[in-house]
Structure formats: C-alpha cells, structure tokens
Amino acid sequence: GGGVAGPHCPVCVRVCPFPTPTTGMVDTVYRTRSLGVAAVGLPDQYADGKAAKVWQLYIGDTRSRTEEYRSAVVQLLRQHKCQQILDVACGTGVDSIMLVEEGFTMVSADASDKMLKYALKERWNRRKEEAFDKWVIEEANWLTLPNDIQKPGNGFDAVICLGNSFAHLPDVKGDQSEQKLALKNIASMVKPGGILIIDHRNYDAILETGQAPKGKNIYYKSDLTRDINTSVLYINNKAHMVTLDYTVHIPNQDDDGQTDVSTFRLSYYPHRVDAFTKMLKDAFQGQCQHSLYGDFKPHKLGQEYVPCYFIHVVKRAD
C-alpha cells in the first residue's frame, strides 16, 4: 500500500493507492509473498534467498517429517504398488528425500531454484548412496509441465503435490483457468491405474472462522516459536486470497541467549474442498476414483473433527 489515499488494505493494513482493487491488480497492490519464499510451480519472482532460509528453519529438520506423516504417505504409495514417483512441489526436497530413503524412484521438480538448491545440496552430500545418485531433480513449471518433465512410458505410478503447495498458485485471471491448466498437466503425468496425492489447508474452516484450525501440524516437527496471523482478501464478494503472516523466533548464534524475530508472508488461493474435488475430477476427465482424507484419516463431510489439512487421493482409471 501507499501513495494516493484509498481504503485500508485488508491484507497489509495500510492505505492502498487503489480504492477498488480488481483481480489483475492484486499483486501490484498487495505484497503477497515474502522475498525468496517458494512460489512453487510459478516463476521464482523473489530471489533474495533470505526467506527460503527462514522457511527451512521453520519447517524443521529436512529429514524429519513427522512419523505420522511419513508412514501415511508411504502406506498410500505401497498400497497402490507405486515405485516411480514424481514430486511436482519439491521445494527444499523434504518429501522427496523421505521417499528416496524409503526406496522409491524419485523425479522431483520445482520452479524455485532458491528452494531446489537445498535438494541439490542434499543429493550431492549423499551421492555415494545409490538411491540418491539416481535421484532426478528438475526445474519445472506446472503450466508447462508436459514440456518440462519427460514422462516414463505412459506415466508415473504416482504424482505427489504436498505441503499445501498447490494453493500457492493464484487465480490471476479470476476464472481459475491457470489452476485448471496446472491440474490437467499434473494429472497428465499419472499413468492409467496410478494415483495423484494432493493436499491443501482446510480453507473452508479458515473462511468460516477467520483463522486456521487449532491442531498439531502433521507435516513439520519444528521447535521454533511462531505466531500466525490470518487475513482474507475478498474481490467481488468472493474469497480470493488467504494471507498468513508468520512471526518466527529464531535462536541467535551468539551466546547471549537472545532470539532473532523473523517475519514472512505467504499467500494462498483458498480452495474449498467441494470445488477442489470437482476441479480434480475434471482434470482426469471424470475417469478416476476420488478419496478424501482429513489429516491423513478418512474424512466424511459433516464429521465432528475439524482437520487442519485435506488430502485428496485420485486414482486414474485403468
């Protein structure tokens, strides 16, 4: 915000130059993401690398997803007899590293070279292990995925897009066309009989209550203290963007026991579970089976427990 006085911006609580922000202006009016934080699947517009480092600290040790998460993902993949996996939201490599260690053959892709450098470093450090030596890491964009990634035969046994990554893709044109194209491209990588595992935060609950559900994070083991402030941006009475401002207390390297406070912002498109399920089925042209999990437990709409994350498993018809 700033410049000509307009209404207060609902995202950054500053005076904005435009009294009536429209879809195309969103990125010019609101700073939607801190510099260097992954815009997974998008061109890496922000490249100072500092926030990528804070993000790495925030999510905890790259090698330690929670055991609950690791066993749930591995069980799903083994249950469907998957071996060749494409991770389309590699980021710093946290999921891919976990799955390489579990014996899966991984191809990992991301559009942010600032995030990928962590994955590349891990591969280099462990290159003497055969599984890591064979691990393929590519820069790729969801909107051009079929050109960026070579499909093995008629596709991968499984494609994964986890860690609330898909919601980073904004609806720039206001018709969700780029999100639909990205899902179609991601689905095109799944072989007949193969599966797509894709997740997002419980935006239904965020939009209804104004904040993320309270519950332990099934993804990250992080011992950093953090506060998260939630803002929702509406355009033409439609929820268009959810912005989370993280305040993370990072232990100082000095001996004075002080902590550094780092803040960063991430913005997401708030996918409602019903609408997202429909988009997924459309991406597979209806030739699929869909299962829904809440925090990796089978989910029934209307149940009492409010999950923090929804996980969709879509199996392409044989």
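The following legends describe close-up views of a predicted model.

**View 1. The largest nonpolar core of the predicted model.** This core comprises 31 residues, and the members touching the most others are Val73, Leu77, Ile85, Leu99, Trp135 and Ile197. At least two core residues come from each of α3 (67–79), α4 (94–101), α5 (113–125), β4 (156–161), β5 (190–201) and β11 (309–316). Helix α3 provides the largest share, six residues. Beyond its neighbours within four places in sequence, Val73 makes contact with Met98, Leu99, Leu162 and Phe296. A separate core of 29 residues includes Leu145, Leu169, Ile186 and Met279.

**View 2. Aromatic pairs.** The structure contains five such pairs. Tyr69 and Phe296 are arranged edge-to-face, at 5.5 Å centre to centre with 80° between the planes. Because Tyr69 belongs to helix α3 and Phe296 to the loop between β9 (288–294) and β10 (297–298), this pair ties together parts 227 residues apart in sequence. Tyr69 is buried, at 0% relative accessibility, and Phe296 is buried at 14% relative accessible area. The pair of Tyr203 and Tyr268 is tilted, with ring centres 6.4 Å apart and planes at 45°. Tyr203 lies in helix α9 (residues 203–209) and Tyr268 in strand β8 (residues 259–268), so parts 65 residues apart in sequence are tied together. Both Tyr203 and Tyr268 are buried.

**View 3. A ring cluster and a charge over a ring.** Trp142, Phe166 and Phe276 are linked into a cluster by ring pairs. The charged end of Arg127 sits over the ring of Trp124, 3.6 Å from the ring centre.

Technical notes:
Residues numbered from 1 in each chain as written. Predicted model: local features only at pLDDT ≥ 70, side-chain atom pairs only at ≥ 80, totals over all residues. Heavy atoms only, no water. Core = buried A, V, L, I, M, F, W, Y, C linked by side-chain atoms within 4.5 Å. Buried < 20%, exposed > 50% of the residue type's maximum accessible area, 1.4 Å probe, protein only. Helix = DSSP H or I, 4+ residues; strand = E, 2+ residues; numbered from the N terminus. Contact = heavy atoms within 4.5 Å. Phe/Tyr/Trp six-rings, centres within 6.5 Å; stacked < 30°, edge-to-face > 60°. Lys NZ or Arg CZ within 6 Å of the ring centre and 35° of its normal.
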